[in-house]
Amino acid sequence: MLTTRQLHFSYQDEPVLQDLTLDFGRHAVTGLVGANGCGKSTLFMNLTGILRPQRGAVLWQGEPLGYDKRSLRALRQRVATVFQDPEQQIFYTDIDSDIAFSLHNLGMDKPLIAQRVDRALQLVDAQGFRHKPVQHLSHGQKKRVAIAGALVMEAEYLLLDEPTAGLDPAGRQQMIAIIERIVAEGKRVIISSHDIDLIYQICDYLYVLSDGRLISSGETAQVFMQQALLATAGLVQPWLVKMHSELGLPLCKTEEQLFMLWRQRGVEKM
Ligand SMILES: Nc1ncnc2c1ncn2[C@@H]1O[C@H](COP(=O)(O)OP(=O)(O)O)[C@@H](O)[C@H]1O
Ligand SMILES: [Mg+2]
């Protein structure tokens with residue numbers, strides 16, 4: 001289980017995260033929401049031990065993280081992270097080598113590596129561009145390669161920092177399908193995003209941050225019904241929640257669900 005306890009983090013003297021006690025083990029998909037600059041990426045870097053809190057702790061299975069090389073290496077086999085910019089995570093020009101890299105480092109057998117790489121590429125729909133050089137890939141394709149590079153570890157937790165940032169509508173839709181597939185595999189997923197409609201569709205539970213502090217937490221629909229609170233955090237309601245709270249339409253989780261109800265009942269009986 002991945003949790004934090006009264007975590008405080010500052011860059012130099014600038015406090016960024018304050019008193020965060022969070023539990024990412026309770027729900028399949030936990031969302032971390034808040035305006036730009038509220039500290040989401042900084043929290044992710046604390047969760048994987050890239051940054052170290054000055055006060056409080058990140059806990060793995062109830063124990064504070066160790067920050068020596070060996071402990072961090074062990075942690076990253078259980079908690080894999082995909083950062084916003086895929087360029088930071090792809091080191092090879094050849095996709096298969098890039099994804100296999102961390103497994104070679106672990107000294108895994110070649111046939112097992114090949115199996116794991118195949119599976120990871122399949123999960124992110126990358127079979128079609130697998131043999132292209134990385135520099136010829138689109139941003140969305142690079143993002144999928146970065147995700148495959150994390151999936152190959154078969155970690156229990158997958159942390160996705162702004163998974164839909166910079167994607168076109170089709171790329172965003174595909175990313176949602178990929179995340180749903182990963183969730184169906186039984187992993188714990190943590191998603192940070194200001195793509196509020198994505199968070200609404202995918203997450204079970206939310207933590208809302210404002211200026212590095214936790215201002216609310218709860219089941220996704222419950223949090224998104226609190227308009228004033230969202231405004232404090234610099235956020236707006238997802239459009240499906242607005243259809244409910246402004247127009248009195250049924251609260252639907254997806255647009256397909258809303259459109260189906262509309263077709264079945266007709267607009268006057270919604
Ligand atoms: N390396 C850094 N050094 C100093 N300040 C930083 C650094 N990285 C981020 N910050 C600051 O920390 C705050 C939180 O940033 P970040 O974690 O990137 O937020 P988010 O991911 O929610 O947009 C911002 O005010 C940002 O300017
Ligand atoms: Mg960020």
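Tyr 92 counts as partly exposed, because its relative accessibility is 37%; the class lies between buried, under 20% relative accessible area, and exposed, over 50%, with a 1.4 Å probe and protein chains only. The model before you is predicted, with pLDDT of at least 70 needed for local features and 80 or more for side-chain atom pairs, while totals for chains, interfaces and linings use all residues. Residues are numbered from 1 along each chain as its sequence is written, and side-chain values use heavy atoms, leaving out hydrogens and water.

Where is Tyr 92 found? Tyr 92 sits in the loop between strand 6 (79-82) and helix 3 (95-105); helices (H or I, at least four residues) and strands (E, at least two) are DSSP runs, numbered from the N terminus.

Four strands form an open sheet in the order 2-1-4-5, with antiparallel pairing; two strands pair if DSSP finds at least two bridges between them. Strand 2 (14-23) and strand 5 (63-64) stand at the edges, each with a single partner strand, so one side of each has no neighbour in the sheet. Strand 1 (residues 2-11) and strand 4 (residues 55-60) are joined in the antiparallel sense over five bridges. Among the residues involved, Thr 3 has Leu 59 in strand 4 as its bridge partner.

Finally, consider Gln 226. This residue lies in the loop between helix 8 (220-224) and helix 9 (227-232). Gln 226 counts as partly exposed because its relative accessibility is 33%. The C-alpha atoms of Gln 226 and Val 236 are 9.7 Å apart, and the two residues are 10 residues apart along the chain.

Key: Chains are lettered from A and ligands numbered from 1 in the order in which they are written.
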